[in-house]
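Here is my notebook from a walk through one protein chain.

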Amino acid sequence: MRTREVPYVATPQVTVDEMLRLAGVGPEDFVIDLGSGDGRIVVTAVKKFGARGLGVDIDWRLVSQAEENARQAGVTDRARFLEQDLFQADLGQATVITTYLLPFVMLKLRPRVLALKPGTRIVSHDFDFGDWRPDRKTSIRKDVFLWIVPAQAAGRWQARLEMPPIERLLELEIKQRYQEVSAHARLNGVPSQVWETKLVGDRLSFVVVDTTDRDNEASFYFDGRVSGDVIEGELARGVGAGRSVTRWRAVKVDR
Ligand SMILES: C[S@@+](CC[C@H](N)C(=O)[O-])C[C@H]1O[C@@H](n2cnc3c(N)ncnc32)[C@H](O)[C@@H]1O
């Protein structure tokens, strides 16, 4: 059944601008506004940021008005509007999703958003996703929240680190709640603390102090992308003139 979950209230233009700025919208982006009203978010995404966009709204009169506004702004080649229930919308092509809904609608939407491609950004005017903390928030007249869909990094991982002459096996156990991650490591079987663990979309970074070369201790700076059961990226040992860089690849050993 199609229900109008939220009444129509337009986002002020300054807040529209701030939402799209905070999301870092650009020409490569496809912006979907869920409950698009008069179309101002999608029209602005196209006109000011060079993106493409789609607005969906349950109210056909607002869809017609949005189409007319897109015509007047000269952006019909890059902005489309559909009369549709936002819960039926195909979000697969979105790189950015914008919302000005209500708390209970946000919570209903949350599992769908979390299942989207890691790195997808969501910006919301006024309402948040409950205990999924935003990656960023600004308050310029109105609150604007930004989330970046995190990859699934939780689990046990193993990587052989190719830095001759010492052979090293990294075992990593990652715990995750949304984008918040913590990790424990063993380096050649020896427990090692993991520092500065961060997950932004599919990008995981952390630091482990390498004690396998006793006379030359240094930090390992790991940076990689999580894709299914593999993490791949760059590993730097040390800093400045003492820095050496290699690739690293970890595979999931269980979930
Ligand atoms: C608060 S307004 C926001 C309009 C626009 N996004 C903006 O920020 O200016 C919410 C919009 O959601 C639409 N809406 C409510 N329930 C909906 C549903 N189930 N599916 C699609 N749109 C819906 C309403 O018609 C309204 O236009």
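Entry 1: Before listing who touches whom, I wrote down what contact means: heavy atoms within 4.5 Å. I also reminded myself that this is a predicted model. With that, I looked up which residues of α1 meet α2. On the α1 side I found Gln13, Val16, Asp17, Met19, Leu20 and Arg21, and they meet Arg40, Ile41, Thr44, Ala45, Lys48 and Phe49 of α2. Sorted by class, this contact has six nonpolar, two polar and four charged residues.

Next I wanted the geometry. Two packed helices are described by the angle between their axes and by the distance between those axes. Here α1 covers residues 13-22 and α2 covers residues 40-49; their axes come within 10 Å and cross at roughly 60 degrees. Angles of 65 to 115 degrees would count as roughly perpendicular and those under 35 as roughly parallel, so α1 and α2 are oblique to each other. I noted the handedness too: α1 passes α2 in a right-handed crossing.

**Entry 2: staying with α2.** Which residues of α2 are buried? My list reads Ile41, Val42, Val43, Thr44, Ala45 and Val46. I then checked what covers them, and the cover includes α1, α3 (60-73) and the strands β1 (30-34), β2 (52-57), β3 (79-83) and β4 (96-99). Just after α2 I came to Gly50, which takes a positive phi of about 75 degrees.

**Entry 3: strand β5.** I asked how many residues of β5 are buried. The count is five of the five, so β5 is largely enclosed by the rest of the structure. In a regular strand, side chains alternate between the two faces of the sheet. I could follow this in β5: Arg121, Val123 and His125 point one way, while Ile122 and Ser124 point the other way. The neighbour I looked up was β4, which runs parallel to β5 and is joined to it by four bridges.

Entry 4: Asp126 sits in the loop between β5 (121-125) and β6 (136-140). Its phi is near 75 degrees, a positive value in a residue other than glycine. Is Asp126 buried, exposed or partly exposed? With a relative accessible area of 27%, Asp126 is partly exposed.

**Entry 5: the barrel.** Further along I traced a closed barrel of eight strands, in the order β8-β9-β10-β11-β12-β13-β14-β15, with antiparallel pairing. From one strand to the next the twist averages 25 degrees. Strands of a sheet pair through backbone hydrogen bonds, either parallel or antiparallel. Ala185 stands opposite Ser192 in β11.

Entry 6: A cis peptide bond joins Pro164 and Pro165, with omega about 10 degrees. I then moved on to the loop between β9 and β10, where I found Tyr178. Tyr178 has a positive phi near 50 degrees, and it is a residue other than glycine. Is Tyr178 buried or exposed? At 18% relative accessibility, Tyr178 counts as buried, because the cut-off for buried is under 20%.

Technical notes
Residues numbered from 1 in each chain as written. Predicted model: local features only at pLDDT ≥ 70, side-chain atom pairs only at ≥ 80, totals over all residues. Heavy atoms only, no water. Axes fitted to C-alpha atoms, helices over the stretch in contact; angles between N-to-C directions. Helix = DSSP H or I, 4+ residues; strand = E, 2+ residues; numbered from the N terminus. Parallel < 35°, antiparallel > 145°, perpendicular 65-115°, else oblique. Left-handed = near helix turned anticlockwise from the far one by under 90°. Nonpolar A, V, L, I, M, F, W, Y, C, P; charged D, E, K, R; others polar. Pairing = 2+ DSSP bridges. Buried < 20%, exposed > 50% of the residue type's maximum accessible area, 1.4 Å probe, protein only.
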